[in-house]
Amino acid sequence: MLYITVVLYNKKVGDIGSKDGIGELIRKHGPENVRIIIIDNSDNERYKLTDEERDLFVSTNGISYIKNDSNVGLARAYNIALEHALHMDTDPDTSFMMFLDDDTVLSYSYISGIYHEAKKAGRSTDGVNVITGIIESGGKPMSPVNKFRFIFRDKDYITVPGTYDDIACISSGMAV
């Protein structure tokens, strides 16, 4: 199972940056293989779903929607999603969770690649526990990088797919 967690902050569900790619992945592989968990950290009333809207949205799309009473931050929101997934999952040792911010825009190709790598890693015994793609901004690599440093040099960025030890990567767009 691949869980995709999206943390919202003062945005509507329809404004999720990667919604098209996520929707296509669910259409192709089904909710029995891909589940969406939305953690809503919005503190502005105009972005909150009414109970009726939430119930219709969840029942129509098979999505878990968790509304926090305040903005608990990304790390706490991700932990809430992990706890929720662990309660739902029948085989957590083979599942992965992908983390997304509401403004992260990933293509279907990227999301599908994570899905297929997660399926392979979930069945293997090679110890893969983090999957990420090459993240660029403005045509330059941002993540992942070899080791954690405060200042990164061009040679630190990983630009070739493979299996690596001791890397650092941004959380949005990775799966654990």
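Reader: In which sense do S1 and strand S2 pair, and over how many bridges?
Author: In this predicted model, S1 spans residues 2–8 and S2 spans residues 34–40. The chain goes from S1 to S2 by way of helix H1 (residues 19–29), a right-handed β-α-β crossover. The two strands pair in the parallel sense, over 7 bridges.

Reader: Why is strand S1 largely enclosed by the rest of the structure?
Author: In a regular strand, side chains alternate between the two faces of the sheet. Leu 2, Ile 4, Val 6 and Leu 8 point one way from S1, while Tyr 3, Thr 5 and Val 7 point the other way, and all are buried. Buried here means under 20% relative accessible area. S1 is largely enclosed because its buried residues number 7 of the 7.

Reader: Which helix gives the largest share of the lining of the largest pocket?
Author: The largest pocket has a volume of about 690 Å³. Its lining has 26 residues, with Val 130, Ile 131, Thr 132, Gly 162 and Thr 163 nearest the centre. The largest share, 6 residues, comes from residues 108–123, helix H4.

Reader: How many residues of the lining of the largest pocket are nonpolar?
Author: The lining of the largest pocket consists of 26 residues. Of these, 5 are charged and 8 polar, and the nonpolar residues number 13.

Definitions and conventions
Residues numbered from 1 in each chain as written. Predicted model: local features only at pLDDT ≥ 70, side-chain atom pairs only at ≥ 80, totals over all residues. Heavy atoms only, no water. 1 Å grid on protein atoms, 1.4 Å probe; cavity = no way out; pocket = protein on both sides within 12 Å on 5 of 7 lines; lining within 4 Å. Points joined across faces, edges and corners; volume = space filled by probe spheres on them. Helix = DSSP H or I, 4+ residues; strand = E, 2+ residues; numbered from the N terminus. Nonpolar A, V, L, I, M, F, W, Y, C, P; charged D, E, K, R; others polar. Buried < 20%, exposed > 50% of the residue type's maximum accessible area, 1.4 Å probe, protein only. Pairing = 2+ DSSP bridges. Right-handed = clockwise from strand over helix to strand, strands pointing away.
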